[in-house]
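Please examine the structure below with attention to its aromatic rings. The explanation that follows leads through them step by step.

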Amino acid sequence: MENLLQQIEGYRQEISSIQPNGAETLETYRIRFLGTKGIVKALFGEMKNVPAERKKEFGAILNDFKQFAEAKYEQWKAGLTSTEEQAGSVDLTLPGDPLNVGSRHPISLVRNEILSIFRRLGFSVAEGPEIEDDWHNFTALNLPENHPARDMQDTFYLHRSPDWLLRTHTSNVQIREMEKGKLPIRIVNPGRVYRNETISARAHCFFHQVEGLYIDEHVSFADLKQTLYFFVQELFGRDVKIRFRPSYFPFTEPSAEMDISCLICNGKGCNVCKHTGWVEILGCGMVHPQVLENCGIDSNKYTGYAFGMGIERITMLKYQINDLRLFSENDVRFLEQFTASL
Ligand code: 2U9
């Protein structure tokens, strides 16, 4: 009996000192101690040799040992689910896995920046459908029946229907706003637009615009100039200069294109400004009276200005990007370079 108790104590110590280090050892342990031909079973078999008056005492010790051996097995098995615990060591001094935080797309950054400037001037943001009918994309905007922009070569038509298309500019949103008949209107319209172009470094079949519209009584070209001057100063800095060149758009009269002094060479002449010192950034003008009338607005009482810019173009200038395709390829090496709070 004393001999048996010593044996049990020895096994206890052995079990306590076992370092879990692999599935095979766990299984060996189970077979050795808890298996049908294992130590625990064998010890129970010794019961018949224990004197009757000590059977109770021995039974209790044996049961306690059995529970101890089983508990060790369960604890060890549970620990095996984690490789670190299995190896018996977790190195808390190792550097953590990098947490890759996404960044905003440069087009979104610049769009948000543009919208924020106009919001501060009292403009609100309006959006509208990318699939549009002929009236809101062309006719209401005074784009004549035979205008080249309507050509299948330039516009994506849906199901070959002459009436449904992918909008070629965000001006459809301004038309829809004007048709609501609530004046004055002071809105900016960001959005994606589509043109049937062959994809290259300088052209894409879709790009992004921000257009703006202000309609009220007594709105003048001077208001337009000052608003756009403030806008570019906020976007590019106080030192930027502007100039207007006469232009033509069917939906504005008079029309102009606005240049800013080249940010790269400060007006001295470089490749970006093609040695002119100036780069074009947007088109603008006074809303054509016919466009106002098309939307039920009295052109004798109300006047308005409008402008439009390509976000890609402004982003390329701001970040010195020379290939439009980078914006839609989603290459992380390109995208991760842009971080900002807006
Ligand atoms: C209404 C009336 C007039 C919006 C305008 C431009 C001039 C213009 C281009 C800039 C580069 C398009 O992205 S781009 O290719 N836009 O030059 N857009 S005036 O005129 C409007 C809009 C809505 C009702």
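In this predicted model, the charged end of Arg 186 is placed over the ring of Tyr 214, at 4.8 Å from the centre of that ring.

The structure holds 16 aromatic pairs. One of them is formed by Tyr 319 and Phe 338, whose ring centres are 5.0 Å apart. Their planes meet at 85°; because an angle over 60 degrees counts as edge-to-face, the pair is given that description. This pair links distant parts of the chain, since its two residues are 19 residues apart. Tyr 319 is in helix 11, which covers residues 311–319, whereas Phe 338 is in the segment after helix 13, a helix of residues 332–335.

Are these two residues buried or exposed? Phe 338 has a relative accessible area of 7%, and because buried means under 20%, Phe 338 is classed as buried. Tyr 319, with a relative accessible area of 33%, is partly exposed.

A further edge-to-face pair consists of Phe 327 and Phe 334. Here the distance is 6.1 Å from centre to centre, with 70° between the planes. Both Phe 327 and Phe 334 are buried.

Terms used. Residues are numbered from 1 along each chain as its sequence is written. This is a predicted model: local features need pLDDT of at least 70, side-chain atom pairs count only at pLDDT 80 or more; totals for chains, interfaces and linings use all residues. Side-chain values use heavy atoms; hydrogens and water are left out. Rings of Phe, Tyr and Trp (its six-membered ring) pair if their centres lie within 6.5 Å; planes under 30 degrees apart count as stacked, over 60 as edge-to-face and the rest as tilted. Helices (H or I, at least four residues) and strands (E, at least two) are DSSP runs, numbered from the N terminus. Buried means under 20% relative accessible area, exposed over 50%, partly exposed in between (1.4 Å probe, protein chains only). A charge sits over a ring if NZ of Lys or CZ of Arg is within 6 Å of the ring centre and within 35 degrees of the ring normal.
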